[in-house]
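Please open the model in your viewer and keep the sequence panel beside it. The stops below say what to select next and what is to be found there.

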Amino acid sequence: MSRRYDSRTTIFSPEGRLYQVEYALEAINHAGTAIGVMSKDGVVLAAERKVTSKLLEQDTSAEKMYILNNNTICAVAGMTADAGILINHIRYSSQVHLKKYNEDIPVETLVKRICDVKQGYTQHGGLRPFGVSFIFAGYDNRYGFQLYTSNPSGNYSGWKATSIGGNNSSAQTLLKQDYKDDLDLEEAKKLALKIQIKN
(Lines give C-alpha, C1' and ligand atoms only; values in the text may rest on other atoms or scores of the structure.)
Protein backbone atom coordinates (compact mmCIF):
# COMPACT_ATOMS: atom_id res chain seq x y z
CA MET A 1 0.00 0.00 0.00
CA SER A 2 2.72 2.50 0.91
CA ARG A 3 4.44 2.01 -2.47
CA ARG A 4 1.78 4.31 -3.94
CA TYR A 5 2.98 7.16 -1.74
CA ASP A 6 6.68 6.72 -1.02
CA SER A 7 7.93 7.39 -4.56
CA ARG A 8 6.12 10.72 -4.81
CA THR A 9 7.19 13.79 -2.85
CA THR A 10 3.95 15.65 -3.43
CA ILE A 11 1.34 13.17 -2.17
CA PHE A 12 0.47 12.62 1.47
CA SER A 13 -0.15 9.08 2.66
CA PRO A 14 -3.52 8.30 4.33
CA GLU A 15 -1.78 8.89 7.69
CA GLY A 16 -0.80 12.41 6.58
CA ARG A 17 2.91 11.65 6.07
CA LEU A 18 5.34 12.52 3.29
CA TYR A 19 7.50 9.40 3.04
CA GLN A 20 10.25 11.10 1.03
CA VAL A 21 10.77 13.60 3.87
CA GLU A 22 10.94 10.72 6.35
CA TYR A 23 13.55 8.97 4.17
CA ALA A 24 15.60 12.19 4.14
CA LEU A 25 15.38 12.34 7.95
CA GLU A 26 16.57 8.73 8.11
CA ALA A 27 19.64 9.63 6.00
CA ILE A 28 20.43 12.36 8.52
CA ASN A 29 20.18 9.89 11.41
CA HIS A 30 23.09 7.93 9.89
CA ALA A 31 25.37 11.00 9.89
CA GLY A 32 27.70 12.16 12.65
CA THR A 33 26.22 14.07 15.56
CA ALA A 34 26.28 17.88 15.60
CA ILE A 35 25.56 19.86 18.77
CA GLY A 36 24.79 23.52 19.40
CA VAL A 37 24.81 25.16 22.84
CA MET A 38 23.98 28.80 23.50
CA SER A 39 25.62 30.67 26.38
CA LYS A 40 25.47 34.21 27.78
CA ASP A 41 28.39 35.35 25.65
CA GLY A 42 28.32 33.17 22.53
CA VAL A 43 27.24 29.97 20.81
CA VAL A 44 29.22 26.73 20.64
CA LEU A 45 28.93 24.27 17.76
CA ALA A 46 30.55 20.83 17.88
CA ALA A 47 30.35 18.17 15.19
CA GLU A 48 31.50 14.58 14.78
CA ARG A 49 33.06 13.69 11.48
CA LYS A 50 32.52 9.99 10.84
CA VAL A 51 35.45 8.18 9.27
CA THR A 52 33.97 5.58 6.95
CA SER A 53 37.30 3.96 6.05
CA LYS A 54 40.87 4.30 7.26
CA LEU A 55 41.91 4.19 3.60
CA LEU A 56 39.95 7.32 2.76
CA GLU A 57 42.06 10.48 2.58
CA GLN A 58 40.74 13.05 5.03
CA ASP A 59 40.36 16.31 3.12
CA THR A 60 37.84 19.12 3.11
CA SER A 61 35.33 17.31 0.89
CA ALA A 62 33.35 16.15 3.94
CA GLU A 63 33.16 19.32 6.01
CA LYS A 64 30.79 19.49 8.96
CA MET A 65 31.10 23.24 9.69
CA TYR A 66 30.67 26.13 7.29
CA ILE A 67 31.13 29.89 7.58
CA LEU A 68 28.11 31.51 5.90
CA ASN A 69 28.89 35.21 6.42
CA ASN A 70 30.59 37.45 8.99
CA ASN A 71 27.97 36.70 11.66
CA THR A 72 26.66 33.19 10.94
CA ILE A 73 28.08 29.68 10.85
CA CYS A 74 26.42 26.28 10.61
CA ALA A 75 26.97 22.62 11.38
CA VAL A 76 25.68 19.97 8.99
CA ALA A 77 24.34 16.43 9.35
CA GLY A 78 23.33 14.41 6.31
CA MET A 79 24.33 14.23 2.68
CA THR A 80 27.38 16.40 1.97
CA ALA A 81 26.43 17.01 -1.67
CA ASP A 82 23.00 18.34 -0.69
CA ALA A 83 24.62 20.52 1.98
CA GLY A 84 27.03 22.01 -0.56
CA ILE A 85 24.19 23.16 -2.83
CA LEU A 86 22.31 24.78 0.05
CA ILE A 87 25.46 26.38 1.54
CA ASN A 88 26.20 28.04 -1.81
CA HIS A 89 22.61 29.31 -1.95
CA ILE A 90 22.87 30.69 1.61
CA ARG A 91 26.17 32.46 0.89
CA TYR A 92 24.80 33.99 -2.31
CA SER A 93 21.66 35.17 -0.50
CA SER A 94 23.82 36.71 2.24
CA GLN A 95 25.92 38.64 -0.26
CA VAL A 96 22.85 39.91 -2.15
CA HIS A 97 21.40 41.23 1.13
CA LEU A 98 24.73 42.82 2.09
CA LYS A 99 25.01 44.55 -1.30
CA LYS A 100 21.40 45.76 -1.25
CA TYR A 101 21.15 46.98 2.38
CA ASN A 102 24.83 47.51 3.30
CA GLU A 103 24.44 45.29 6.39
CA ASP A 104 24.63 41.59 7.14
CA ILE A 105 21.40 39.65 6.81
CA PRO A 106 19.64 38.96 10.15
CA VAL A 107 20.17 35.36 11.26
CA GLU A 108 16.50 34.35 11.30
CA THR A 109 15.89 35.89 7.87
CA LEU A 110 18.78 33.83 6.49
CA VAL A 111 17.36 30.65 8.05
CA LYS A 112 13.88 31.42 6.67
CA ARG A 113 15.23 31.89 3.15
CA ILE A 114 16.99 28.54 3.05
CA CYS A 115 13.99 26.81 4.63
CA ASP A 116 11.79 28.23 1.86
CA VAL A 117 14.07 26.52 -0.67
CA LYS A 118 14.02 23.25 1.28
CA GLN A 119 10.24 23.32 1.60
CA GLY A 120 9.84 23.95 -2.14
CA TYR A 121 11.57 20.65 -2.83
CA THR A 122 8.81 18.80 -0.95
CA GLN A 123 5.96 20.09 -3.11
CA HIS A 124 7.11 19.89 -6.74
CA GLY A 125 7.02 16.68 -8.76
CA GLY A 126 10.34 15.37 -10.01
CA LEU A 127 12.26 16.74 -7.02
CA ARG A 128 13.25 15.13 -3.75
CA PRO A 129 13.80 16.72 -0.35
CA PHE A 130 17.36 17.65 0.58
CA GLY A 131 18.80 14.96 2.86
CA VAL A 132 20.46 17.41 5.22
CA SER A 133 19.77 19.21 8.49
CA PHE A 134 21.55 22.31 9.76
CA ILE A 135 22.30 23.92 13.10
CA PHE A 136 22.74 27.66 12.53
CA ALA A 137 24.61 29.80 15.05
CA GLY A 138 24.76 33.54 14.59
CA TYR A 139 24.62 37.03 15.97
CA ASP A 140 22.74 40.15 14.94
CA ASN A 141 22.16 43.53 16.58
CA ARG A 142 18.44 42.97 17.13
CA TYR A 143 18.34 39.58 18.90
CA GLY A 144 21.97 38.98 19.86
CA PHE A 145 23.20 35.37 19.82
CA GLN A 146 20.83 32.86 18.21
CA LEU A 147 20.68 29.12 17.58
CA TYR A 148 18.37 27.48 15.01
CA THR A 149 17.89 24.07 13.42
CA SER A 150 16.27 23.25 10.10
CA ASN A 151 15.24 19.89 8.68
CA PRO A 152 14.44 18.54 5.17
CA SER A 153 10.77 19.53 5.35
CA GLY A 154 11.70 23.21 5.60
CA ASN A 155 10.70 23.55 9.27
CA TYR A 156 13.02 25.54 11.51
CA SER A 157 13.05 26.33 15.20
CA GLY A 158 15.07 28.33 17.72
CA TRP A 159 16.89 26.58 20.58
CA LYS A 160 18.99 27.15 23.68
CA ALA A 161 20.74 23.81 23.06
CA THR A 162 20.10 21.13 20.46
CA SER A 163 21.57 18.30 18.39
CA ILE A 164 21.08 16.72 14.97
CA GLY A 165 22.38 13.58 13.28
CA GLY A 166 23.13 10.15 14.71
CA ASN A 167 22.42 9.53 18.41
CA ASN A 168 20.26 12.64 18.34
CA SER A 169 17.78 11.48 20.99
CA SER A 170 20.43 10.52 23.56
CA ALA A 171 22.27 13.82 22.98
CA GLN A 172 18.99 15.74 23.46
CA THR A 173 18.36 13.86 26.73
CA LEU A 174 21.83 14.77 28.04
CA LEU A 175 21.35 18.41 27.00
CA LYS A 176 18.03 18.58 28.88
CA GLN A 177 19.72 17.25 32.02
CA ASP A 178 22.86 19.40 31.96
CA TYR A 179 21.94 22.69 30.24
CA LYS A 180 21.55 25.81 32.41
CA ASP A 181 20.46 29.28 31.26
CA ASP A 182 23.45 31.04 32.83
CA LEU A 183 26.22 29.03 31.14
CA ASP A 184 29.29 30.99 30.10
CA LEU A 185 31.22 30.18 26.92
CA GLU A 186 33.73 27.86 28.62
CA GLU A 187 30.97 25.87 30.33
CA ALA A 188 29.10 25.60 27.00
CA LYS A 189 32.26 24.22 25.34
CA LYS A 190 32.67 21.65 28.11
CA LEU A 191 29.02 20.61 27.83
CA ALA A 192 29.25 20.16 24.04
CA LEU A 193 32.45 18.10 24.36
CA LYS A 194 31.02 15.98 27.17
CA ILE A 195 28.00 15.07 25.06
CA GLN A 196 30.11 14.35 21.95
CA ILE A 197 32.33 12.02 24.01
CA LYS A 198 29.35 10.20 25.58
CA ASN A 199 27.78 9.64 22.17
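Select H97 to begin, a residue that is found in helix α3 (residues 80-101), where helices are DSSP runs of H or I with at least four residues, strands are runs of E with at least two, and both are numbered from the N terminus. This is a predicted model, in which local features need pLDDT of at least 70 and side-chain atom pairs count only at pLDDT 80 or more, while totals for chains, interfaces and linings use all residues. Residues are numbered from 1 along each chain as its sequence is written, and side-chain values use heavy atoms, with hydrogens and water left out.

H97 is buried, with a relative accessible area of 8%; buried means under 20%, exposed over 50%, and partly exposed in between, with a 1.4 Å probe and protein chains only. Apart from neighbours within four places in sequence, H97 is in contact (heavy atoms within 4.5 Å) with N102, E103, D104, I105, P106 and R113.

Eight of the nine residues of β5 are buried. Strand β4 (residues 72-78) pairs with β5 in the antiparallel sense over seven bridges, pairing being a matter of at least two DSSP bridges between two strands, and C74 stands opposite F136 in β5. Seven bridges also join β5 to strand β6 (residues 144-150), again antiparallel, and β5 and β6 form a hairpin with three residues between them.

The last stop is helix α5 (residues 168-178), in which A171, Q172, L174 and L175 are buried. Seen down the axis of α5, the buried residues fall within an arc of 165°, so they line one face of the helix; the arc is that of the directions from the helix axis to the C-beta atoms. What covers them includes β1 (34-39), β8 (161-164) and α6 (185-198), whereas on the other side of α5, S169, K176 and Q177 are exposed.
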